[in-house]
Amino acid sequence: MLVNQKVAVEHGLKAEEYEKICKLLKRTPNITELGIFSAMWNEHCSYKSSRLHLKKMPTKGKKVIQGPGENAGVIDIEDGDAIVFKIESHNHPSFIEPYQGAATGVGGIMRDVFTMGARPIANLNSIHFGSPQHKKTKNLLRGVVHGIGGYGNCMGVPTIAGQTSFDSSYNGNILVNAMTLGLVKKNKIFYSKAAGLNKPVIYVGSKTGRDGIHGASMASASFDEKIEEKKPTVQVGDPFTEKLLLEACLELMSGDSIIAIQDMGAAGLTSSSIEMASKGNLGIEINLNKVPCRELKMTPYEIMLSESQERMLIVLENGKEELAKKIFDKWNLDFAIIGKTTNTKNIELFFDNKQVANIPVNTLVENSPMYDRKWKKAKLPKKNKLKKEVFTKLKIKNVLQKILSNQNICSKEWIWQQYDHTVMGDTIQKPGGDSGVVRVHGTDKAVAASVDSSAVYCWAHPLTGGKQVVAESWRNLISVGATPTAITNCLNFGSPENEDNMGEFVECVEGISEASEYLDFPVVSGNVSFYNQTKEVGIKPTPSIGGVGLIKNYKKMITMDLKEINNLILVIGKTEGHIDQSLFARTILDEKNGPPPEVNLFNEKNNGESLLSLIEKDYIKSAHDISLGGLLTAISKMCIKGNKGIKFRKLKNLLNKFEYFFAEDQGRYLIEINLKDLVNVKKILDKNSVFHEELGVIIEKEMIIDEKTKLTIDELRSYNTNWLENYMDS
Amino acid sequence: MKSSVITFPGSNCDRDMDVALKKFGFNNKMVWHNDSELPKSDLIVLPGGFSYGDYLRCGSMASKSKIMQSVINFAKSGGLVMGVCNGFQILVEAGLVPGVLLRNKYLQFICKNVFVKLENKENSYFKNLDKNILEFHIAHNEGNYFCTNDQLKEIEDNNQIALYYCDNEGQINENFNPNGSIKNIAGIFNKNKNVLGMMPHPERMIDQSLSGEDGSLFFKNLINNIR
């Protein structure tokens, strides 16, 4: 096939990018080479629009063993143990084919983690759908949940936490972000940097088929009405093979045969071989006839661009081939020596004894395009001045009912009951809490993880929104008694070629960076997903933050269920009555303008660290952070989970009660303490200048807000639990 | 007491079962599906998971594994064989216990705590247990037990129903049936009661920090019964 500018543009390259390729090669590429360039230079693989801004993120810290740039980030959790983790998007394929799209998203992220030598110990996900009324939403949700469960359950890795939201901005572009944590010994971490000449390059795992060709390019473009035609670009997952691949890889990794290992994810054999060569500053030579194929007559172009799942590329030590082959034979997996490392610094491909591609590796990686896209700075919206009259018609009970049954607040049990969250026998906090928690097998330690996003705040003011998401992740970890250690992020945005969308990206990144720097909560891995957009309409900016924290003694873990009658509930952090952009404003007042709540990082840090010290001293019986839906929503959830009630004290502040109950001011928690500890707790909080107030006392199954406003816990539960199941059955 | 847990390709509760058995005093060995001989054992366990990816039918390919002939012989000679979840499915496919396991009634994987009622304590698994109602944990997609009317009559006549899904007070009815199983059946014996297949995972209930501790009761009692 003749290659020219038109063909290049059909591959998703810009005309000027094609010219750059010809210049770098000093000739016209052949079709296989063009395919390779298009795979490496698309947004998904090259980060060409985001690289410039991602550099601002703080990625170092005393607990960071490996920051961004590897298959996943790695943090130190002491005693020679480390946690490998990352979050990644699979948005575009999940919209086209929800089951396979979501399933392979989960499979891909687990592969990223075990590629580094870690056994996956927990999965999380952040999934976002269009309006519940939209005709596609229900089927997409059902398919995505089945896909996530289908893959994770079969792998035997518990899905311990997640987040689900509905917003009409996702009508044409759903989001599926999957996160995995793995456990590894610090001295047994594997990297993707090839080293040494004439080392055998090994292909293991599934055979290569024609599925997923151009998957990464598809994920680097907006959707239009021809989206159905893109189905063949979606990969098909086989979790059974991945389970075998996991066991085989870990078995091989227990020895010292592997120099470098890289999973074949986006852009398959192309990106895996090039990344290994690039990091090692080497060349690589591959005989494509040796690649195990599941279909007949596959061309070099197809072999290089296939995104068939469950495959790995390994650079082995010389002489270890037989030993490695034996392990993969035992697990019934393909094993093929397909090439070797060279000193040419080129990627050279051979097929039927002919050279079919010869490209300097640096042209694909270092010389890939990088853009400083134009972007628009967002103004902080003006605060709404709410008139007193808007509240007079409202009744607390009705408002609470609406909020607890809102699709973004209600219980997501229908979803997480379909995920095996207890396999591996170490899940000590199940989904539905502030964070999921798993023990580090055989130790007293536990790892907490949470995934969060607040698209509405980011949309209203990206800089504040970016900060808020990091702060929320931090709070969710602290609420279970974990010391926040590091984050991974999945940055889901519209088109970077649109100045508004690009502005949202730049400022969210700035906000994330500022908060993560201040909180000493560095970013160790992540990915960017642009072009979440159909025609001209992009999604609300949705950075998902996956936070990970350590609990040194798992017996000190905190849950949110109320524990004991007569215990006191305290509010930590000041309630200022910020209603703009709250769920209350949007769903009760139908007010969509105004700024998101301000994030005061000093207070976040001070309040969070003070709470951790109270937990350390065993004062805290239960805790929950206050976020979406405000204070009354948070205490309702604690009541429901603990099947206990609360009698409120008389409110002493000047706020309107709706503002007090439903404001979404940041930096706040609810804590349960024993009356006998009140003096000591107050002393510590006062010493640290942490604002706190008493909310009420725990009683039997009733929430008594004042003489006129009483609700039973069963009422609260029915508001909160039924929405999703009824919706799916309707 | 010696036990063996068989690992099939795709088993994923084999380690959890190993941890549980060892915790309560078994000297446990892991056995690879492609071996032909079993180590000397007082108890053989087929663990949960997705052997062969649940392809074809859950448990069907694993039931033809090399090791299974030895397991079948061991069971026929009266040895204790317990299958949990996918292990139950394998037992059914191997013909060691009657019936079949269909897709859950609501066509969804289900992971949650359930209560089960014991009806028959005249066997090595439940003899001497103080409780009749246990809180166990299920996690499966195909746990909907089904058999023909003739089989059901035979099973009932022989007291082969090991566990029923119920509520916390032992009520057995459709409201507490998570998967549509006939008669709320959660576990079943062979005729001689030496082979037990059950959907619930006792190995996930062995620690107060986990979903509960009724699994501990089960394993402690089991090892005492075998002694």
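Biologist: How many helices and strands does the secondary structure of chain A come to?
Modeller: This is a predicted model, in which local features need pLDDT of at least 70, side-chain atom pairs count only at pLDDT 80 or more, and totals for chains, interfaces and linings use all residues. Residues are numbered from 1 along each chain as its sequence is written, while chains are lettered from A and ligands numbered from 1 in the order in which they are written. With DSSP runs as the basis (helices H or I, at least four residues; strands E, at least two; numbered from the N terminus), chain A comes to 26 helices and 28 strands.

Biologist: What is the radius of gyration of chain A?
Modeller: The globule rule, 2.2 Å times the number of residues to the power 0.38, is compared with a radius taken over C-alpha atoms. For 730 residues a compact globule would be near 27 Å, and the value for chain A agrees: 26 Å.

Biologist: What percentage of chain A is buried?
Modeller: Buried means 20 or more other C-beta atoms, placed from the backbone, within 10 Å of a residue's own. Of the 730 residues in chain A, the buried share is 61%.

Biologist: Which strands stand at the edges of the sheet in chain B?
Modeller: The open sheet of 9 strands in chain B runs 2-1-3-4-11-10-9-6-7 with mixed pairing, where a pair needs at least two DSSP bridges. Two strands of chain B have a single partner strand each, so one side of each is left without a neighbour: strand 2 (27-32) and strand 7 (133-140).

Biologist: Which residue is the bridge partner of Val114(B)?
Modeller: Strand 6 (residues 110-118) and strand 7 of chain B pair in the antiparallel sense over 8 bridges. In strand 7 of chain B, the partner of Val114(B) is Phe136(B).

Technical notes. A residue is buried if 20 or more other C-beta atoms lie within 10 Å of its own, exposed if 12 or fewer, and partly exposed in between; C-beta atoms are placed from the backbone.
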